[in-house]
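Hi everyone, thanks for coming along this morning.

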Amino acid sequence: MGIAPSPSCTVHPATSIARRTGDDMGANAGDGEGWPNALAKYEALASSLPSRKGLGSALYRRHGGFWYPEHLMAPTLAARGSFVARPSDVILATIPKSGTTWLKALSFSVVHRGRHAPGSPGHPLLGSSPHDLVPFLHSTYESRSAAVAPVDLLEAMPSPSPRILAVHTPLSSLPASVRESGCRVVYLCRDPKDAFVSLRHYLDEIKPEGSTMTPFAEAFELLCDGVSPFGPMWEHAAEYWKESLARPEQVMFLRYESLKEDGAGSVRTLAGFLGRPFTDDEVARGVPEAIVELCSMQRMRSVEANRDGKHGAATSWSFKNSAFFRKGEVGDWKEHMTEAMAQRLDGVVKEKLRGTGLSLSH
Ligand code: PPS
């Protein structure tokens, strides 16, 4: 069992936590010889961690003060044990259902716009899922194949440079090299009520055949208790929020609702943070707006790879990419939660974030 991160901590504690918990045992977690033996060791460690029923059909494991879907615990620990970040890397961090897919598409378009103009018919986002263009770090570590060691896969990535990777991992459990390398981290949060409703729909859609979902009311209670994927969600956001204040050049804090409200403005801010500000000429040509349009729900939904393609085809949990695109609205929680539930969750989140200056409810 890991050490719970301190809510008031603004300094990245990953290195010291790794030493204390011993979950860096697979120094060779990524190399060919040690893999997948190292994964087996991480799986043994993961299965020894405290567990609890989750919000959908899967069990959660607790590590470092956060709850992880069971199948992602070992890959997350393995990534932490061996991933070596580069200064040029871009890491996108979210709690599930906060707009990860959208942020992946936007970041890819911004970073690679020199090579792929957002209006071009051959743009990669019109042929591939954002999740294939910007993989989750943990997905690389889910591979059981001895032939493809995660470190080699990650080293071979990408063409084109820089690497853009996504994580749901709490800041305090990221590989230490993320902070040490100085690479940029973009965090996207969303109103917890909408994220919860979105999560429930998603979990229901992707649940393995024959499995049953935790009832809605029970799942809501778990959420309010801090039990959610990579949650407590307020703690997850607070860690990144504090880091974005302490190290604004490395960590940027974004909101789903702001992206909806001012897409082009948000994309311009994102581009600046990523060291690729739009030129006056690009602004005059409407490039930020073109990126917003390319990554819009409507456009993304119409792409065949997003409609019929599969996510996680190489892993044990595979489902259709269409599960990542539902409504994409702000305030959809009103269709699924009572006012009393909303007030309860808002109250819990407000209380937990007291003194941080952060508010998550929209
Ligand atoms: S995941 O599984 O964590 O990667 O899911 P994530 O992408 O974070 O969240 C899915 C929700 O984001 C909505 N979505 C979008 N909103 C706006 N624009 C675009 N392009 C977009 N793409 C996905 C998606 O519909 C889910 O939200 P809900 O509320 O369920 O519609």
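I'll go through the sheet, the helices, the ligand and then a few backbone details.

One thing to keep in mind: this is a predicted model.

Let's start with the sheet. Strands of a sheet pair through backbone hydrogen bonds, and the pairing can be parallel or antiparallel. Here we have an open sheet of four strands, and the pairing is parallel. If you read across the sheet, the order is β5-β4-β6-β7. Which strands stand at the edges? They are β5, residues 164-167, and β7, residues 251-255. Each has a single partner strand, so one side of each is left without a neighbour in the sheet. On average, neighbouring strands in this sheet are turned by 20° against each other, if you ignore direction.

Now find β6, which covers residues 184-189. Five bridges join β6 to β7, in the parallel sense.

Among the buried ones are L72, M73, P75 and R80.

On to the ligand. There are 22 residues around it, and the ones that come nearest are T100, T101, S198, K327 and G328. In the side chain of T100, an N or O atom is 2.5 Å from an oxygen atom of the ligand. G328 takes part through its backbone: a polar atom there is 2.6 Å from an oxygen atom of the ligand. With Y256, a polar side-chain atom lies 2.8 Å from a nitrogen atom of the ligand.

How much of the ligand does the protein bury? Taken alone, the ligand exposes 640 Å², and the protein buries 97% of that. Two elements give two or more residues to the shell around the ligand: α4 (100-111) and α9 (192-206). The largest share comes from α4, with three residues.

Finally, some backbone details. Most residues other than glycine have a negative phi, and most peptide bonds are trans.

First up is K97, in the loop between β4 and α4. Its phi is near 70°, a positive value in a residue that is not glycine. K97 is also buried, with a relative accessible area of 13%.

Now move to the loop between α10 and α11, where F230 lies. F230 isn't a glycine either, yet it has a positive phi of about 65°. With a relative accessible area of 1%, F230 is buried. In that loop between α10 (216-224) and α11 you will also find P232. The peptide bond from G231 to P232 is cis, with omega near 10°.

That's my tour, and I'm happy to take your questions.

Note on methods: Residues are numbered from 1 along each chain as its sequence is written. This is a predicted model: local features need pLDDT of at least 70, side-chain atom pairs count only at pLDDT 80 or more; totals for chains, interfaces and linings use all residues. Side-chain values use heavy atoms; hydrogens and water are left out. Two strands pair if DSSP finds at least two bridges between them. Axes are lines fitted to C-alpha atoms, for helices over the stretch in contact, and angles run from 0 to 180 degrees between N-to-C directions. Buried means under 20% relative accessible area, exposed over 50%, partly exposed in between (1.4 Å probe, protein chains only). A residue is near a molecule or strand if one of its heavy atoms lies within 4 Å of it. A polar contact is a pair of N or O atoms within 3.5 Å; within protein, one must be able to donate a hydrogen and the other to accept it, and residues adjacent in sequence count only if both atoms are side-chain atoms. Accessible areas come from the Shrake-Rupley method with a 1.4 Å probe; for residues, only the protein chains shown count as cover.
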